Amino acid sequence: MLQAFVDEKQLEGFLGKWLDAIEENCLYDLLLFKNLLLCQKAFYNQDKTKAKDYLEIALQKLEQGAFAIHPILKARIGVWLQILKKDSELLNTFFNSLNNPFDKADFAVIASRLLWTFQEDIVPILFLVQIAIKEFPPVKDFFQKGRYNMLVLTLAIHFYLKKELPQAKEYFTLYSSTTFGYDIVNVHFYYPWIEKLELL
């Protein structure tokens, strides 16, 4: 539950307290996850020094761990390296290492939302143009539908930011307001964009 349903609005509330209380690595990637979220919390609180400290701990956990990293954790690592150290190499390397279209969707959605939320300038994200919608199977289970749905919404936002409005409208027509999946906790980010895209 802690790692699957991340309500980032609660980093100052119950989720932040829960993360602070964790000391043991009960799951193979839990301390990596914890330090990335605490990095985000510190950055949100305008403490860049502390955010960098948490990021360094996360990078150490990444180096020490001989395990596969979930695409969302790869996205979080790459995003915070780009924001805090102006280094986008790992973000792009991680994206290019993904082969499964749903892994690419998970990565793209979380990375884009974090960059558009925390980066100083809201700009189009280059690796989004590498995503091929035709790679996704026509029949999807519930969770795959949610992941795909958030991806097409992310692509619509991307093209809106690039002022390529026909493409933005095309991707937005693929989006369904009834299928948020795990991103239901982040609707406060998406609603203003949905309102803009509905006007196209």
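Helices here are DSSP runs of H or I with at least four residues, numbered from the N terminus. With that in mind, display the whole of this predicted model as a cartoon and follow the chain from its N terminus, where the elements run α-α-α-α-α-α-α-α-α, giving 9 helices and 0 strands. Of the 200 residues in the protein, 50% are buried, and among contacts with a separation of 6 or more, 64% join residues 24 or more positions apart.

Next, select helix α4 (residues 71-85) together with helix α6 (residues 101-118), whose axes come within 8 Å and cross at roughly 30°. Because angles under 35 degrees count as roughly parallel, α4 is roughly parallel to α6, and the crossing of the two is right-handed. Show side chains where they touch: on α4 the contact includes Ile-72, Val-79, Trp-80 and Ile-83, and on α6 it includes Phe-107, Ile-110, Leu-114 and Phe-118. The residues of this contact divide into 12 nonpolar, 1 polar and 5 charged.

Now turn to the largest nonpolar core, which has 67 residues, and pick out Phe-107, Phe-127, Leu-151, Leu-153 and Tyr-190, the members that touch the most others. Colouring by helix shows that α2 (30-44), α3 (48-64), α4, α5 (89-96), α6, α7 (142-161), α8 (165-174) and α9 (187-198) each supply at least two residues of this core, with α6 giving the most, 11 residues.

Finally, centre the view on Phe-127, which, leaving aside residues up to four places away in sequence, touches Leu-91, Asn-92, Phe-95, Phe-107, Ala-108 and Ala-111.

Terms used: Residues numbered from 1 in each chain as written. Predicted model: local features only at pLDDT ≥ 70, side-chain atom pairs only at ≥ 80, totals over all residues. Heavy atoms only, no water. Axes fitted to C-alpha atoms, helices over the stretch in contact; angles between N-to-C directions. Parallel < 35°, antiparallel > 145°, perpendicular 65-115°, else oblique. Left-handed = near helix turned anticlockwise from the far one by under 90°. Contact = heavy atoms within 4.5 Å. Nonpolar A, V, L, I, M, F, W, Y, C, P; charged D, E, K, R; others polar. Core = buried A, V, L, I, M, F, W, Y, C linked by side-chain atoms within 4.5 Å. Buried < 20%, exposed > 50% of the residue type's maximum accessible area, 1.4 Å probe, protein only.
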